[in-house]
Amino acid sequence: MSEVRRVHDVSGVPTHAFSHHNLVWWGTVGFIVVEGFTLFLMMASYLYLRLNELDWPPGDTRLPELLIPTINTLLLLVTIVPMAKASHAAHHSDRLAVARWLWLATALSAVSSVLRVFELRGLNVRWDSNAYGSAAWGLLILHTTLLVVDLFETGAFAVLFQLGHAQRKHFPDVSDAADYQYYLSVIYVPIYLILFWGPRLL
Amino acid sequence: MVTIEDALTEQPLDPGEREKLERTWQPCPGFRGWLTSVDHKSVGKRYVATAFLFFLLGGLEASAIRLQLARPENRLLDPDQYNQIFTMHGTTMMFLFGVPVVLASATYLIPLMVGTRNISYPRLNAFGYWVYLIGGLFLYSGFILNTGPDSGWFSYVPLAGPEYSPGKRMDVWAQTVTFTEIAAIIAGIELIVTILKQRAPGMSLHRMPLYVWAILVTSFVVLFAMPSVALASQMLAFDRLVGTHFFNPAEGGDPFLWQHLFWFFGHPEVYIMFLPAAGFASEIIPVFARRKMFGHTAVVLALVATGFISFGLWVHHMFATGLPQLSQSFFTAASLMIAIPSGVQVFCWIATLWAGRPRFDTPLLFVLGFIALFVLGGITGVMVGSVPFDQQVHDTYFVVAHLHYVQVGAFVFPLFAAFYFWFPKVTGRMLSERAGKWNFWLFFLGVNITFFPMHFLGMMGMTRRIYTYLPETGWGDLNLLATAGAMLIAASVVVFLGNIAWSLRRGGLAGENPWDAHTLEWATSSPPPPYNFTHLPVVEGLYPVWERSAERPVVTGLSAERREILVTTVLDAEPDSRHENPGPSIWPLLSALPVGVTFIGGIFTPWAFVIGPALMLPALIGWGWPQAIPPDDRSIEEVAA
């Protein structure tokens with residue numbers, strides 16, 4: 001038997017913390033790194049395949065449409081605002097304000113997800129037409145998967161906060177969800193440039 | 001028969017504390033407990049045991065390969081069986097044994113070593129295990145049904161593509177890889193967070209054990225290496241399933257894209273296995289040399305440097321593809337450069353042993369075997385890092401010899417060392433030293449007799465992956481010798497299994513710290529209780545167990561009524577916040593099953609990519625459903641009321 005000596009009493013250490021004080025934030029950052037790097041590799045693969053062709057898009061493949069992707073990129077960037085507001089409200093433990101901003105973000109994400117269908121159509125190439133088509137679809141589908149997952153997550157949080165089932169630990173979660181949304185919106189900018197301006201400029 | 005008593009040696013400050021902790025942290029009983037466990041130790045043990053099972057299967061496949069090659073024109077296996085078996089061997093050892101066993105053992109050891117109660121995301125950890133298990137079972141189901149992959153463990157296109165590999169064999173390979181990469185990424189993230197945010201107060205970065213450093217670097221390598229192969233395997237699957245053309249040159253695709261993506265993962269993967277193995281060595285050597293590690297800081301820097309350089313080597317696997325000369329020179333330089341941090345570690349290990357009073361127990365023997373074989377494998381690595389030499393021996397048995405010296409020598413040897421070293425902690429019983437020494441010598445001789453002749457076979461022109469050869473080649477004798485060596489390895493593994501079976505029942509009781517080791521896992525009972533430590537330890541030096549005073553410095557104030565863990569700051573490990581760790585749950589298993597539906601169904605129909613996620617949704621809702629509300633975690637209105 002050995003005796004123990006008190007060195008740290010941690011009973012005063014907070015049980016709810018935001019940002020890097022919170023374990024969940026670190027997990028979110030971890031997944032952002034992994035997914036972001038996967039998207040980066042997909043963009044690199046797209047550009048690598050570009051090297052094999054004289055023309056881009058190759059042969060008589062039509063150029064992708066520009067209007068809807070441009071609108072959707074702006075919309076994704078605009079979605080940052082309600083998410084930032086929701087995060088701000090979460091820091092102030094304002095449940096109903098969190099719910100309100102999350103509903104708006106969910107609605108905008110839903111519109112983005114629907115517009116994504118038109119973006120895919122507007123690529124004007126099928127995934128099995130040529131490697132250009134495969135890479136374009138691959139990149140867009142990869143981001144769409146994350147977008148849809150994020151839509152469900154934001155929606156679930158909106159329901160949770162609206163119905164009053166949210167616990168105190170969920171406030172930092174909203175803040176983490178906002179960080180994830182910022183990443184998802186911002187990373188779409190290079191994807192948009194590569195996919196829709198690339199064929200015009202490269 | 002002697003039974004294991006929980007040798008709890010700490011006197012708790014509050015006598016009821018231990019009972020409360022027992023109640024709070026107890027797992028569900030029986031079979032339900034098995035399915036719902038989220039304790040890093042039970043998941044870790046299961047993970048390690050599953051990985052070892054795959055090691056045995058991979059070993060049986062290796063034995064079949066060696067028996068087939070034992071003499072010229074052998075007809076034991078036909079060419080098709082041979083292709084499947086060598087592919088299964090490589091795939092099993094790399095994807096189902098190598099990386100998983102590294103992360104599995106870290107899952108078990110890291111929370112104990114950094115002095116916390118559980119891993120950061122215990123449910124995610126359980127989910128990762130189930131995904132890995134489904135992937136492994138899927139691969140072997142395919143193999144049993146004669147749908148085993150047959151294009152080699154790196155599945156080069158176009159051979160692995162739809163044109164030259166019709167049927168489902170390569171789909172099975174591609175999706176197995178996806179399963180294992182998901183599991184590895186999950187483990188990587190949770191290990192990083194556990195290491196950075198859950199270290200016991202006082203364990204600032206400069207007091208972190210070398211194994212923990214090794215796992216931290218490895219986990220970062222996992223984060224950047226695994227997405228590459230997961231992406232590539234999905235591209236391959238889609239090329240085969242829905243007619244995309246990522247790798248089809250006829251439609252603008254490029255087989256080199258596969259090679260780049262695969263080796264961007266494949267080379268760091270070598271270090272994903274080697275770095276933790278080096279970490280094992282750096283923990284074991286000081287204990288058996290009975291002195292502190294020589295050059296602790298240099299070893300940390302070497303580990304970090306290796307992690308970075310590991311991403312600059314991948315193209316040396318592609319020297320025979322006609323790369324631009326500048327790129328060849330760059331990757332040759334990078335390949336040779338990695339010898340520097342590796343050399344630093346080797347010299348630090350030797351210096352520690354030199355200046356210590358070594359005790360040659362089985363763990364140290366395996367570490368010494370590791371150093372010898374790693375140096376040999378490293379030297380041949382430097383040789384093939386040079387383009388002209390590589391061109392000569394590319395795709396020959398010289399490369400087979402090199403990679404097995406590195407993988408078996410620099411990975412399996414330290415793993416055995418670690419097994420002997422930590423078995424007492426995990427089970428409470430010692431492994432037999434006598435059987436351990438037999439295990440070591442048979443293995444050491446076996447490995448050298450098997451793989452050393454392969455250097456010569458390679459230089460004599462024997463290419464990889466041929467299922468037989470003519471007597472006139474003159475390769476027969478050396479091949480027979482290699483097969484004899486393989487039988488010694490098999491005998492050694494039988495001794496190892498016998499040792500485990502015997503020691504689990506009759507091995508001597510280990511007690512808290514049988515080796516007089518210095519890291520925190522040796523400051524709790526063997527096996528550790530579900531909550532790891534009655535009081536979280538406080539760290540006051542680099543060797544906490546060796547340096548502590550008669551009174552153990554501890555943390556108080558952490559709730560025993562709920563599964564509370566202490567979150568600390570990244571650099572100095574000062575208390576930062578308290579976090580509730582989730583309890584047992586069936587949802588990780590129920591969420592892993594739809595992942596199985598997605599990727600297994602995905603080799604038959606693209607609709608699986610819709611159905612699987614749809615099934616996943618209810619499982620995720622169940623996972624995220626708010627739990628019973630602890631007193632200080634009520635909704636904000638209730639608090640106000």
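1. Ground rules. This is a predicted model, where local features need pLDDT of at least 70 and side-chain atom pairs count only at pLDDT 80 or more, while totals for chains, interfaces and linings use all residues. Residues are numbered from 1 along each chain as its sequence is written, chains are lettered from A in the order in which they are written, and side-chain values use heavy atoms, with hydrogens and water left out.

2. Interface size. Chain A puts 55 residues into the contact and chain B puts in 70, with contact meaning heavy atoms within 4.5 Å. Between them the two chains bury about 5,500 Å², and 63% of that is on carbon and sulfur atoms. Buried area here is the accessible area (1.4 Å probe) that two parts lose on being put together, summed over both. On chain A's side, Val4(A), Arg5(A) and Leu23(A) supply 14% of the area buried against chain B, more than any other three residues.

3. Polar links across the interface. I count 22 residue pairs in polar contact between chain A and chain B, both residues at pLDDT 80 or more. A polar contact is a pair of N or O atoms within 3.5 Å; within protein, one must be able to donate a hydrogen and the other to accept it, and residues adjacent in sequence count only if both atoms are side-chain atoms. There are also two salt bridges between the chains, a salt bridge being a side-chain nitrogen of Lys or Arg within 4 Å of a carboxyl oxygen of Asp or Glu. One of them pairs Arg5(A) with Glu551(B) at 3.9 Å, N to O.

4. What chain A brings. Strand E1 (4-9), helix H1 (23-50) and helix H4 (131-162) of chain A are the elements that give two or more residues to the side touching chain B; helices (H or I, at least four residues) and strands (E, at least two) are DSSP runs, numbered from the N terminus. H1(A) gives the most, with 15 residues.

5. Strand pairing between chains. E1(A) runs parallel to strand E1 (residues 552-556) of chain B, and five bridges join them; strands pair if DSSP finds at least two bridges between them. In this pairing, His8(A) sits opposite Val555(B) of E1(B).

6. A helix-to-helix salt bridge in chain B. Over all chains the salt-bridge count comes to 17. In one of these, Arg169(B) meets Asp80(B), with the closest N and O atoms 2.8 Å apart. Arg169(B) is in helix H6 (residues 169-197) and Asp80(B) in helix H4 (residues 79-114) of chain B, so the pair ties together parts that are 89 residues apart in sequence. Arg169(B) is buried at 14% relative accessible area, whereas Asp80(B) is partly exposed at 30%. Buried means under 20% relative accessible area, exposed over 50%, and partly exposed in between (1.4 Å probe, protein chains only).

7. Glu564(B) bridges to Arg562(B) at 3.8 Å and to Arg578(B) at 3.0 Å. Arg578(B) is in strand E3 (residues 575-580) and Glu564(B) in strand E2 (residues 564-568), 14 residues apart. Shared partners join Arg562(B), Glu564(B), Arg578(B) and Glu580(B) into one network. Glu564(B) is buried at 2%, as is Arg562(B) at 12%.

8. A loop glutamate. Glu512(B) lies in the loop between helix H16 (476-506) and helix H17 (544-547) of chain B. Glu512(B) is buried at 14%, and its side chain makes a polar contact of 2.8 Å with that of Arg552(B).
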